[in-house]
Number of protein chains: 2
Amino acid sequence: MRERLKIQLKLAGYSLTGPRQAVFAAMADQALSMSELQAKLQGSLDRASLYRTLLLFDRLQIIQIVGQGKNRRFELSDHYNVHHHHLNCTRCGRVETIEAPAIEREIAVLVRKYGFAPASHQLELTGVCRECSQSSTIDSF
Amino acid sequence: MRERLKIQLKLAGYSLTGPRQAVFAAMADQALSMSELQAKLQGSLDRASLYRTLLLFDRLQIIQIVGQGKNRRFELSDHYNVHHHHLNCTRCGRVETIEAPAIEREIAVLVRKYGFAPASHQLELTGVCRECSQSSTIDSF
DNA sequence: GTATAAATTGCAACATATTCGCAATTTCGG
DNA sequence: CCGAAATTGCGAATATGTTGCAATTTATAC
């Protein structure tokens, strides 16, 4: 996987540096928020470099950004991960990743209909997950 | 529509004020980014009030927030708008809204499968729209 | 309409998040 | 290993979002 990253960077005219490897590795197994990333990379990287790296990775589609505001998360894109979608629970805050082949098929139909050449897509469901809806906590607003 | 907004605010214990009407009206016909909103509301509203209003509207589900980072946009929620999804063109930057009943059906299936109680959902396709893919511009990265 | 209490606003200070210029360091091809 | 080019870290500059509080506006009861 690291090799693949190196090649992709190379092809686009960039080099595989220490910081870039660190950021990539940090996201290897899960989607992280900005603060989680900063905590995880604590000391191994300057703040500015983290931003620059995320910007680059986003432009090169090495990562994808999901959610917004406090819920924004960075995760490896489908090229480095199996494609999936998200269930965001508003109570516990967990983000569950799901796969949904039927949706993929419908998206393909849609894309054809609109003559749209998709580079990526993402589906986000926001609501209350199974576990939380079984507990009695109130979703205070 | 304004009447409906008034009623919804009332029910939740809030009043329909000038600033709130202004923000609502600004988004009436299209999804706007934060800076577009600020430009459009120039002078009629303080920055803090805009933030407070957007926060309130979001909590009350009067608006929904789509996209992230530079692409984040605020738009009236499905209660004030027909439910739709988005095609984001990376070349011309336009956001095309589309309706997709087949997708809605599949989402319902998914939701049942995962025991998830959805409050909202959004599908974003990113790529190149029909018009742009017919033109010869190069998508510089 | 007018008075009044409660909600909301604008302002200005604050806090946080993101970006930038530039010298020092690292990377990579030969 | 060397040198050119890319990248990094630092600190300063911006941009974005938040807060407390006095002044204003709103809704309601007369």
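Analyst: In this predicted model, DNA strand C is surrounded by 19 residues, and the closest of them are A:Ala48, B:Tyr14, B:Pro19, B:Asp46 and B:Ser49. Three helices each supply at least two residues of the surface near DNA strand C, namely helix H4 (47-59) of chain A and, from chain B, helix H2 (18-26) and helix H4 (47-59). The most is given by H4(B), which provides four residues of the surface near DNA strand C. By residue class, this surface divides into eight nonpolar, seven polar and four charged residues.

Moving along chain A, one can look at A:Leu41, which has its place in helix H3 (residues 34-41) of that chain. A:Leu41 has 20 other C-beta atoms within 10 Å, and because 20 or more is the criterion for burial, A:Leu41 counts as buried. Once neighbours within four places in sequence are left aside, the contacts of A:Leu41 are A:Ala22, A:Val23, A:Ala26 and A:Leu50. A:Leu41 and A:Pro19 are 22 residues apart in sequence, while their C-alpha atoms are 9.2 Å apart in space.

A:Gln61 is found in the loop between H4 and strand E1 (63-66) of chain A, and its phi is near 60°, a positive value in a residue other than glycine. With 16 other C-beta atoms within 10 Å, A:Gln61 is partly exposed. In chain B, the loop between H4 and strand E1 (63-66) holds B:Gln61, which is not a glycine either and has a positive phi of about 60°. B:Gln61 is likewise partly exposed, with 15 other C-beta atoms within 10 Å.

Where they meet, 34 residues of chain B are in contact with 34 residues of chain A. On the side of chain B that touches chain A, H5, E5 and helix H6 (130-134) of chain B each supply at least two residues, and the largest share, 12 residues, comes from E5(B). That side of chain B divides into 19 nonpolar, 10 polar and five charged residues. Since 97% of the interface residues of chain B are also interface residues in chain A, the copies meet through the same surface.

Strand pairing also links the two chains, for E5(A) and E5(B) pair in the antiparallel sense over 11 bridges. Within this pairing, A:His121 has B:Leu125 of E5(B) as its bridge partner.

Finally, there is the largest nonpolar core, which has 20 residues; A:Leu87, A:Ile103, A:Cys129, B:Leu87, B:Ile103 and B:Cys129 are those that touch the most other members. At least two residues of this core come from each of strand E3 (85-89), helix H5 (101-114) and strand E5 (117-128) of chain A, and from each of strand E3 (85-89), helix H5 (101-114) and strand E5 (117-128) of chain B. B:Ile103 shows how contacts cross between the chains, for B:Ile103 touches A:Ile103, A:Glu106 and A:Leu110 as well as B:Leu123, not counting residues up to four places away in sequence. As background, nonpolar side chains tend to be buried together in soluble globular proteins.

Note on methods:
Residues are numbered from 1 along each chain as its sequence is written. Chains are lettered from A and ligands numbered from 1 in the order in which they are written. This is a predicted model: local features need pLDDT of at least 70, side-chain atom pairs count only at pLDDT 80 or more; totals for chains, interfaces and linings use all residues. Two residues are in contact if their C-beta atoms, placed from the backbone, lie within 7 Å. A residue is near a molecule or strand if its C-beta atom, placed from the backbone, lies within 6 Å of it. Ala, Val, Leu, Ile, Met, Phe, Trp, Tyr, Cys and Pro count as nonpolar, Asp, Glu, Lys and Arg as charged, and the others, Gly among them, as polar. A nonpolar core is a set of buried Ala, Val, Leu, Ile, Met, Phe, Trp, Tyr and Cys residues joined through C-beta atoms within 7 Å. A residue is buried if 20 or more other C-beta atoms lie within 10 Å of its own, exposed if 12 or fewer, and partly exposed in between; C-beta atoms are placed from the backbone. Two strands pair if DSSP finds at least two bridges between them.
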